[in-house]
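Visitor: Could you walk me through this one, feature by feature? I would like to learn how to read it.

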Amino acid sequence: SCVRESDTVARHGGDEFTAIISDLRDTACIERIGRAITELLGRTFMLDGHQAHVSASIGISFYPTDADEAEQLIVVADKAMYLSKKKGRNCYSYFSETRTNGSRPVPETQ
């Protein structure tokens with residue numbers, strides 16, 4: 001529900017997913033998507049009668065700025081994801097040296 005019908009979301013392996021967002025008008029769009037995903041996944045939910053919490057650590061890469069091949073884009077996004085994990089999770093990060101806004105933490109929703 002956080003992405004458009006024209007976008008692609010696929011399980012990359014284990015608990016990792018890849019979203020391919022194409023035809024962006026500006027980078028603010030990807031930030032809205034990153035916030036939406038972390039906010040939705042960060043909500044408390046009930047699991048077998050107990051409160052449960054999950055979080056998302058998102059890494060963002062851009063074609064062709066960060067890489068021009070799919071495999072390399074995933075490598076860059078993976079590095080950015082680990083930056084998100086280091087910054088406390090439930091946020092999104094860029095790994096690219098050309099992007100100065102870095103990581104954007106999202107407040108947890110209770």
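**Strands, rings and confidence**

Guide: Gladly! In this predicted model, G59 stands opposite S93 in β6.

Visitor: Which strand does β6 pair with, and do the two run parallel or antiparallel?

Guide: For a strand pair, look at the bridges and the direction. Here strand β5 (residues 57-60) and strand β6 (residues 91-94) run parallel, joined by 4 bridges.

Visitor: What unit do β5, helix α2 and β6 make?

Guide: Follow the path from strand to helix to strand. With helix α2 (residues 70-86), β5 and β6 make a β-α-β unit, and this one is left-handed.

Visitor: How many aromatic pairs does a search of the whole structure find?

Guide: The search finds 2. One of them joins Y92 and Y94, with ring centres 6.4 Å apart and 80° between the planes. That pair counts as edge-to-face because its angle is over 60 degrees. F62 belongs with Y92 and Y94 in one aromatic cluster.

Visitor: Are Y92 and Y94 buried or exposed?

Guide: Compare the relative accessible area with the 20% cut-off for burial. Y92 is at 0% and Y94 at 5%, so both are buried.

Visitor: Where is confidence lowest, and where is it highest?

Guide: Start with the overall picture: the mean pLDDT of the protein is 86, and 86% of its residues reach 70 or more. Strand β7 (residues 104-105) has the lowest confidence, a mean of 46, while strand β4 (residues 50-52) has the highest, at 97. Over residues 100-110 the pLDDT is below 50, though this stretch has 27 contacts in the model beyond near neighbours in sequence. Where pLDDT is low, predicted coordinates should not be read in detail.

Technical notes. Residues are numbered from 1 along each chain as its sequence is written. This is a predicted model: local features need pLDDT of at least 70, side-chain atom pairs count only at pLDDT 80 or more; totals for chains, interfaces and linings use all residues. Side-chain values use heavy atoms; hydrogens and water are left out. Rings of Phe, Tyr and Trp (its six-membered ring) pair if their centres lie within 6.5 Å; planes under 30 degrees apart count as stacked, over 60 as edge-to-face and the rest as tilted. Buried means under 20% relative accessible area, exposed over 50%, partly exposed in between (1.4 Å probe, protein chains only). Two strands pair if DSSP finds at least two bridges between them. A crossover is right-handed if, with the strands pointing away from the viewer, the path from the first strand over the helix to the second runs clockwise. pLDDT is the predictor's confidence in each residue, from 0 to 100. Contact means heavy atoms within 4.5 Å.
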